[in-house]
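I opened the coordinates and kept notes as I went. The entries below follow the order in which I looked things up.

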Amino acid sequence: MPYVMTRWCSAATTLLLVGALLSVPGPAFAKTEIQFWHAMTGQLNESVNALVKQFNESQAEYEVKPLQKGNYTETLTAAIAAYRQRQAPHIVQVFEVGTQTMMLSGAVLPVYQLMKEQEIAVDWKDFIAPVVGYYSKDGNLYSMPFNSSTPILYYNKDAFTKAGLDPSKPPQTWKQVEEYSKKLMSSGAAKCGFSTGWPSWVQLENMLALHDQPFATKRNGFDGLDAQLQINQELGVKHLAQLAAWQKEGVFSYGGRRGDADPKFLSGECGMYMQSSALIGGFTKGATFKWGTGQLPAYGTPYKRATSIIGGATLWVMKGKPAAENRGTARFLKFISDTNQQMWWHVTTGYLAISNSAVKNLETGYHFKKNPDQYTAFAQLTKGTATPNSQGIRLGNFTQIRDVIEAEMENILGGKKTAKQGLDDAVAKSNDMLKEFAAANKQ
Amino acid sequence: MQRTVFRNRWLPYALVAPQMAVTVIFFVWPALTSLQLAVYRVSPFGDRSTFVGLDNFTKLLSDPDYYASVVRSFVFAGGVTALAVLGALVLAGLATQKIRGLAVYRTLLLWPYGIAPAVAGIIFLFIFHPAYGILPYFLSFVTAYDFNWLLKGWVAMTLVIVATAWTHLGYNIAFYIAGLLAIPSSVIEAADVDGAGPIRRFTAIVFPLVSPITFYLVVLNMVFAFFESFGVIDAVTKGGPGQATEIMVYKLYKDGFIGLNLGSSGAQSVILMALVIGLTVLQFRFAEKKVTYR
Amino acid sequence: MSAVDTTRLERVQARVLVAPRRRRIPWGSLLLHALLIACIAVVVFPLYFAFVVSTQDLQQVVQRPPRLLPSWHLLENYAQAWRKANMGVMLFNSAVMAVTVAVGKIVISMLSAFAIVYFNFRGRMLCFWMIFVTLMLPVPVRLMSTYEVIGTLGWLNSYQGLTVPLMASATATFLFRQFYLTIPNEMAEAAQLDGAGPMRFLWRFMLPLSWANIAALFVVLFIFGWNQYLWPLMITNSEAMRTVVIGLEQLIPRSGTELPTWNLIMAGAMMALLPPVAIIIFMQRWFVKGLVEAEK
């Protein structure tokens, strides 16, 4: 009975719609609307609105309508639900861990294809390698990078001075981190040595990449759906055991997932902090002390130093829209990837500029000289040696996997499990999820 | 219990029709669709779905994490119900005594109910925050024990229980106040005259007389704690630390919405539904006998 | 006439008579006041603290030791939060949603509870249990599929889509049923003897008696409708249709790369909770009185 009702209802709705369309007079001079769903909140929400306004005012045919749809998860869910109802937006912002899901979904129009169809020339080679590598398949870019960042080290210069450390020299090795932390604590300059945001992203994903260690088999998942996690190998176990030991001593103080530990640094409780480079703007506004940045510390030999990987989100184009509207979408994406907009976005939000020309302009414009902290992230991403292990990570069900990893990290740091046990459990659970994903997305 | 009934053939159907219509279209049908997913494996965008029989169920029932979340759910629901119902009874009892300023006290006790659970969660998150929360700050003067709910499971669980119970106190208090005021004062006076102390008065008279309300509130609070509480957990602990506050409904939400595994989420819903229906039927069977209407 | 059976009353009185004699405590009243104030302080503190934070600026928020007295930034915080989250429109939408859901639910629940209690028709218990089962399925589960139903009906991003699906649950019916069960049989018998049909009985007798319950339910349902988050988020596609709780969540940066401006967030929270709390305060006399009347 309900099935009959659906047919009847959709028939009725269609009739109504057709009637409505037929009654609309002639070609309207109204701008074509492009729906853009994103997950930016707070200050970033306003920045997005400002960027979109720039585009809307720069031409008269299209109007992009940004809509905040909740957090990244809610935005993705809403897009999926809407897509199934054929009411999807044109552009959707999806976080990096959703890349695999989007790529295999059959619901997206890859960016390179969009630009080809719309005959808009984009200098793909101008984008910086680590960002592009993450979101390309077979050398073609699938989604447009929008807000990318990488984790760096922040440190409290005032506390360093108080502890007798040189405020212009952040630690470069983990040994130095321990040393400096102990000095900070014993001199009373800080209550704890360091903390971290986004535990899995910073301390496992990026640490492994930085040391040229694999996160998963099959080139971190790029080469196939049958990848398996490798975080419970030597470096993973060593690093987490080290963090757990430091948590006990107070050298490291766990502050929660995501950005929940930010206040630990801001309040001066911890002298050093590892978090996304996108926080530079926030810290500039909120910190009451002098601070600086440095690249993430490493263990040194026997590990080679590679580069870190990016985080953040990109813009995906949904399939099924008419060509006229796709043109608007293409023009908007081209607009935001132009050098001027790249520079504006970077300066306003702190997210990385993703094209080499933009970076060059920022360099010659003395932006980096005036804001050396902004340069740290670029240097860490581009000046090291890129290896297959530092390209990024492409796994299905990655959101859940990250969740599993962070839950086990909490077990390890809280002393409930040893590093080996916790990581082994994380790997077992994650591999199950990867199998599920592979089965559900059989090509 | 002989009830008087009216005799109309078609009128009752007409009266229930609106609610049944809304229930069937917006509840039964979507529910059946989602439950149907329990026997499928679907890709997030819905373009691929394979029938897998009871696969999702066997995976769940052989997963120790799932059993742990069931236990946690009972702990959570029990904690919230006990705290919210008993606390409400005590507070309502206090607020219906013969003292001045009653109305003011009553108002002050009721208003937290108006706060959305998610909003309450945010406020409590802020208060309990290990870095800048006011509560850990004060506690640090009392004891050196680190109530770090980010790493200590039981502290996190206590936090979400307290936050959830807090939002529901007002609702329970309102019902209890009404019930308490309905007790004829002659009964209380009789007890007073006979020398019964306040505690005896309470256990022998008051408690039995408000039992219909207690029954209603316990059912409602349990159901609420099992189902509607994920908003608080999402706002505050997100199931952490480890998985200490991952109750069944939150795991369901995580697997379905964040993990986009609609098949497993559907299976979990079936089990959760069966569990709560069972619980409620039990409550109706046993407790309603002890509750007297007319 | 009360909810208390006379025989039950006698039973209870008998138990009391057997109790041992005790002395009355004369200073009980003072203790009572003290206890009440203490309890209220604990219950109300989170709210008070939220208010205090909403009047501070960011530096004061992260300060240790935390300040417990309100500061001077009230107006600018509220103005900023209002602007940022576009509160005016959202407050209106929330109000429409809350009132519609409350009224709609009360009407349909009253009718169906009446039918279930006062008629003996085929499928009666089936209806009751079907309605009751609606309490048992959590929102996240039906979210996606209800969305599809709404989509099929063409109700996306509309007031109907926002409100009608929320009318589908059983709490009100359950409550009315309990209430109707406490009405003495004699009333219905008398009405029948007078020749009054069921609708007249409902309109002239039950309705006046139910005002109490209705007022109470209105408060509860208003709050329920006002505080919805997940459902309005899913089905509203334009800023013009959003509700206040969503606006609040938007003020909170969740991406972890931005510092939360707690003072603005608390200002938003205060604005979001003011109307439902005001409704409780305003209606609490009727609310409680109503429930009392109902029991008589």
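Which domains does the domain assignment give for chain C? I read off domain 1 (3-54) and domain 2 (81-294). I note at the outset that this is a predicted model.

**Entry 1: the two domains of chain C**

I looked up how the domains of chain C meet. Five residues of domain 1 of chain C are in contact with six residues of domain 2 of chain C. I then took the area buried between these two domains, which comes to about 470 Å², with 88% from carbon and sulfur atoms. On the domain 1 side, I find that Leu47(C), Val53(C) and Ser54(C) supply 68% of the area buried against domain 2, more than any other three residues.

I sorted the domain 1 residues that touch domain 2 by class and got four nonpolar, one polar and no charged. The search for salt bridges across this interface of chain C returned zero. I also counted zero residue pairs in polar contact between domain 1 and domain 2 of chain C, with both residues required to be at pLDDT 80 or more.

**Entry 2: chain A against chain B**

I went on to the interface between chains. Here 41 residues of chain A are in contact with 32 residues of chain B. The two chains bury about 3,000 Å² between them, and carbon and sulfur atoms account for 58% of it.

One pair I looked up is Lys59(B) with Glu436(A), a salt bridge whose closest N and O atoms are 2.7 Å apart. Polar contacts between chain A and chain B number four residue pairs, both residues at pLDDT 80 or more.

I checked which helices of chain A supply at least two residues each to the side that touches chain B; among them are helix H1 (2-22), helix H3 (72-84), helix H19 (398-413) and helix H20 (419-440). By class, I get 15 nonpolar, 15 polar and 11 charged residues on that side of chain A.

**Entry 3: Leu362(A)**

Is Leu362(A) buried or exposed? I find Leu362(A) buried, because its relative accessible area is 2%, under the 20% cut-off. Leu362(A) sits in helix H16 (residues 356-364) of chain A. Leaving out residues up to four places away in sequence, I see Leu362(A) touch Met343(A), His346(A), Val347(A), Ala353(A), His367(A) and Phe368(A). I also took the C-alpha separation of Leu362(A) and Gly392(A), which is 25 Å for two residues 30 apart along the chain.

Technical notes:
Residues are numbered from 1 along each chain as its sequence is written. Chains are lettered from A and ligands numbered from 1 in the order in which they are written. This is a predicted model: local features need pLDDT of at least 70, side-chain atom pairs count only at pLDDT 80 or more; totals for chains, interfaces and linings use all residues. Side-chain values use heavy atoms; hydrogens and water are left out. Domain bounds come from an automatic or database domain assignment. Contact means heavy atoms within 4.5 Å. Buried area is the accessible area (1.4 Å probe) that two parts lose on being put together, summed over both. A salt bridge is a side-chain nitrogen of Lys or Arg within 4 Å of a carboxyl oxygen of Asp or Glu. A polar contact is a pair of N or O atoms within 3.5 Å; within protein, one must be able to donate a hydrogen and the other to accept it, and residues adjacent in sequence count only if both atoms are side-chain atoms. Ala, Val, Leu, Ile, Met, Phe, Trp, Tyr, Cys and Pro count as nonpolar, Asp, Glu, Lys and Arg as charged, and the others, Gly among them, as polar. Helices (H or I, at least four residues) and strands (E, at least two) are DSSP runs, numbered from the N terminus. Buried means under 20% relative accessible area, exposed over 50%, partly exposed in between (1.4 Å probe, protein chains only).
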